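Biologist: I would like to learn how to read a structure, one feature at a time. Please take me through this one.

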Amino acid sequence: MLGRFLGDERGATAIEYGLIAALISLAAILAFTSLGLNLADVFNSVTNAMR
């Protein structure tokens, strides 16, 4: 029974998919954060130019 438990890889696949989803989410959060900060700078520049 212990051999069957250690040889079962179904859970490993689910963990791998979870790790891939977490890495993609982290990359998206970092990209959107960076884009948001740059976009705020652009809007501030436009606002200051209009004054």
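Biologist: In which helix is threonine 33 found?

Modeller: Some background comes before that. This is a predicted model, in which local features need pLDDT of at least 70 and side-chain atom pairs count only at pLDDT 80 or more, while totals for chains, interfaces and linings use all residues. Residues are numbered from 1 along each chain as its sequence is written, and side-chain values use heavy atoms, with hydrogens and water left out. Helices (H or I, at least four residues) and strands (E, at least two) are DSSP runs, numbered from the N terminus. Threonine 33 is in helix α2.

Biologist: How many helices and strands are there in the protein?

Modeller: The protein has two helices and zero strands. Helix α2 covers residues 10–50, and α1 covers 2–7. Glutamate 9 sits in the loop between α1 and α2.

Biologist: What radius of gyration does the protein have?

Modeller: The radius of gyration is taken over C-alpha atoms, and the globule rule is 2.2 Å times the number of residues to the power 0.38. For 51 residues a compact globule would be near 10 Å, but this protein has 23 Å. Its C-alpha atoms fill a box of roughly 75 × 10 × 5 Å along the principal axes.

Biologist: How far apart in space are threonine 33 and arginine 4?

Modeller: They are 45 Å apart, C-alpha to C-alpha, and 29 residues apart in sequence. For glutamate 9 and asparagine 48, 39 residues apart in sequence, the C-alpha distance is 59 Å.

Biologist: What percentage of the residues count as buried?

Modeller: Buried means under 20% relative accessible area, exposed over 50%, and partly exposed in between (1.4 Å probe, protein chains only). Of the 51 residues, 0% count as buried.

Biologist: Why does phenylalanine 43 count as exposed?

Modeller: Because its relative accessibility is 54%. Glutamate 9 is exposed too, at 59%. Threonine 33 counts as partly exposed, at 44%.

Biologist: Which residues make the nonpolar surface patch?

Modeller: Like charges are joined within 9 Å, and nonpolar side chains (Val, Leu, Ile, Met, Phe, Trp, Tyr) within 5 Å. Areas come from the Shrake-Rupley method with a 1.4 Å probe; for residues, only the protein chains shown count as cover. Here Leu39, Val42, Phe43, Val46 and Met50 make a patch of about 520 Å².

Conventions: Patches are made of residues with over 30% relative accessible area and no salt bridge: like charges are joined within 9 Å, nonpolar side chains (Val, Leu, Ile, Met, Phe, Trp, Tyr) within 5 Å. A salt bridge is a side-chain nitrogen of Lys or Arg within 4 Å of a carboxyl oxygen of Asp or Glu.
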